[in-house]
Amino acid sequence: MEILLKTICDNAFADQAGKLNIIGIFDEIYAPLIPATHPKMTLVFVVKGTPKKQLNHGFDIEDPSGKKIIDSAQNPNIKPAIAGESGVVNIIHNIVNLKLESYGKYRVNLYAEGLKESLSFDVKPLPKGNA
């Protein structure tokens with residue numbers, strides 16, 4: 001199994017033909033005050049595996065101290081993804097109203113069939129003069 005793409009963005013979806021559309025890629029969130037709530041982010045992982053095989057997966061988000069603030073293992077609505085003819089599967093998860101309790105580097109971890117892949121985003125105060 002191979003990760004072909006991983007990103008955090010404002011929105012992502014697969015169109016009727018299965019083409020992946022990604023809008024507003026970012027790796028920084030500016031918050032004037034902490035705690036803050038980020039209204040929406042989308043996690044996107046494109047995985048190449050076995051054609052037409054079911055891919056069990058999960059994810060979590062850790063705050064700068066390493067504490068899990070979201071854990072998909074607690075969500076029974078996470079369904080396995082099914083790879084297409086080429087073995088490629090788009091994994092898209094929308095996160096709404098994410099609570100950010102501190103500034104610093106947050107880590108997103110994807111778990112899939114023994115694979116762990118990570119990416120991160122920084123939460124920063126607004127630069128001076130932009131409040």
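Select N97 to begin: this residue is partly exposed because its relative accessible area is 44%, where partly exposed is the range between buried (under 20% relative accessible area) and exposed (over 50%), computed with a 1.4 Å probe on protein chains only. N97 lies in strand β9, and N97 has a positive phi of about 55° although it is not a glycine. Strands here are DSSP runs of E with at least two residues, helices are runs of H or I with at least four residues, and both are numbered from the N terminus.

Before moving on, please note that this is a predicted model, in which local features need pLDDT of at least 70 and side-chain atom pairs count only at pLDDT 80 or more, while totals for chains, interfaces and linings use all residues. Residues are numbered from 1 along each chain as its sequence is written, and side-chain values use heavy atoms, with hydrogens and water left out.

**The whole chain**

Now show the protein chain as a cartoon, where you will find 11 strands and 0 helices. The radius of gyration is 16 Å, close to the 14 Å that the globule rule gives for 131 residues, so the protein chain is as compact as a globular protein of that length; the radius is taken over C-alpha atoms, and the rule is 2.2 Å times the number of residues to the power 0.38. Along the principal axes, the C-alpha atoms fill a box of roughly 50 × 30 × 25 Å. Of the 131 residues in the protein chain, 33% are buried.

As background, strands of a sheet pair through backbone hydrogen bonds, either parallel or antiparallel.

Zoom in on β1 and β2, which pair in the antiparallel sense over 5 bridges; two strands are said to pair if DSSP finds at least two bridges between them. The bridge partner of C9 in β2 is I25, and that of A12 is I22. In the hairpin of these two strands, which has 5 residues between them, select G18, where phi is positive and near 90°.

Staying on β1, select T7, which lies in this strand and counts as buried because its relative accessibility is 9%. Leaving out residues up to four places away in sequence, T7 touches I22, I25, T42, L43, V44 and L119, a contact being heavy atoms within 4.5 Å.

Then select Y106 and F121, both of which are buried. Their rings form a stacked aromatic pair, 5.3 Å centre to centre with 10° between the planes. Rings of Phe, Tyr and Trp (its six-membered ring) pair if their centres lie within 6.5 Å, with planes under 30 degrees apart counting as stacked, over 60 as edge-to-face and the rest as tilted. The pair links distant parts of the chain, with Y106 in strand β10 and F121 in strand β11, 15 residues apart.

**Loops to finish**

Move to the loop between β3 and β4, which holds P35, and look at the peptide bond from I34 to P35, which is cis with omega near 5°. Finally, select K52 in the loop between β4 and β5 (54-55): K52 counts as exposed because its relative accessibility is 56%, and K52 has a positive phi of about 60° although it is not a glycine.
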